[in-house]
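Visitor: I'd like to learn how to read a model like this one. Could you walk me through it?

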Amino acid sequence: MPLEITGLVKRFGSGADAKEVVRGIDLKLRPGECFALLGPNGAGKTTTLRCALGLTGASSGSISLCGLPVPEQAREARARVGVVPQLDSLDPDFTCAENLIVFAGYFGMRESEIRPRIPELLAFAGLEGKDKARIQSLSGGMKRRLTLARALVNKPELLILDEPTTGLDPQARHLIWERLRRLTAEGTTILLTTHFMDEAERLANRLAILDAGRILVQGTPREVIAAHIEPQVVEVFGEWDNTGAGAAAWAEANAATFSKRCEISGETAFCYTDDATSLLAHLARQPGLRSLHRPANLEDVFLKLTGRELRD
Ligand SMILES: Nc1ncnc2c1ncn2[C@@H]1O[C@H](COP(=O)(O)OP(=O)(O)OP(=O)(O)O)[C@@H](O)[C@H]1O
Ligand SMILES: [Mg+2]
């Protein structure tokens, strides 16, 4: 098994200041799958990953990484894992190639071993010919991609990616998606966190939504959507009326008649329903309002389960 976590609890601080940020997480990754860990800011995703890698000690629970117990054999286990941390940790004084060489050194690889693979690693991250470029000269997105290339120097069987595409433009995100698919096709197991629900829906075979240190739901993207949300959504926005009461007043007067559930976010009413026909007909008679009719997606589930309030 690439990763098996049972009853993971993590507390920071002690006594009256103690804060339990991971509160009993069970997670079992299957070989070759891509698993996404989702959750609002502060949910405990990074802490869970750091515990899994033995970079921070668990307060209780058991962890097996690449079949080895953590923390006892965390070092040996980590040698078989590639990691993209949430924040880039490239050495700013070195070139791209030097960063890869130094990193390979941590795994006991000699320069002569890694050097021939550098063009291929850089190409994988869309950084062809950048071997002599200094880190300071790279854009944020290029640094992120170099961090992914760096995570592959030890040919890992498990890749742990903490928000790998945060800060990337759409072009780079598509490149990364394609590359990650390529890796899973070759048998690499992937565990990633992301705030992009479309990314999770597209990449993940299975996912878990985490909030306040607990897993709320787990399953394939389709299962999670089918189990937790009405299939159709109509987003309603525009000029509500001349009273200034806005979306909430409109929803109060109309939503219950035409939808099962309605949520207000800013100036938009999200109407969830099994069949949008009557709502759309009603909206057609309200020329000031505009609407977007679409199938429900993972973001709808995420917002339903974790709420629309800001975190942190
Ligand atoms: N070293 C630490 N000491 C004290 N509290 C910490 C420490 N590291 C994390 N926390 C707290 O633990 C909680 C979970 O943090 P974590 O970084 O795991 O969240 P996350 O799900 O990765 O969030 P984000 O999406 O913002 O990256 C937060 O409330 C954070 O403030
Ligand atoms: Mg995080």
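Guide: Let's take a strand and its partners, then the ligand shell. This is a predicted model, where local features need pLDDT of at least 70, side-chain atom pairs count only at pLDDT 80 or more, and totals for chains, interfaces and linings use all residues. Residues are numbered from 1 along each chain as its sequence is written, with chains lettered from A and ligands numbered from 1 in the order in which they are written.

Visitor: How many residues of strand 3 are buried?

Guide: Buried means that 20 or more other C-beta atoms, placed from the backbone, lie within 10 Å of a residue's own. Strands are DSSP runs of E, at least two residues, and helices are runs of H or I, at least four, numbered from the N terminus. In strand 3 (residues 34-38), five of five residues are buried.

Visitor: Which way do the residues of strand 3 point?

Guide: In a regular strand, side chains alternate between the two faces of the sheet. Here Cys34, Ala36 and Leu38 point one way, and Phe35 and Leu37 the other.

Visitor: Which strands pair with strand 3?

Guide: Pairing takes at least two DSSP bridges between two strands. Strand 3 runs parallel to strand 8 (residues 189-193) over four bridges, with alanine 36 partnered by leucine 192. Four bridges also join strand 3 to strand 9 (residues 206-211), again parallel, and there leucine 37 sits opposite alanine 208.

Visitor: What gives the most to the shell around ligand 1?

Guide: A residue counts as near if its C-beta atom, placed from the backbone, lies within 6 Å of the molecule. Helix 1 gives the most, with three residues. The residues around ligand 1 include Lys19, Gly44, Lys45 and Gln86.

Notes: A residue is buried if 20 or more other C-beta atoms lie within 10 Å of its own, exposed if 12 or fewer, and partly exposed in between; C-beta atoms are placed from the backbone.
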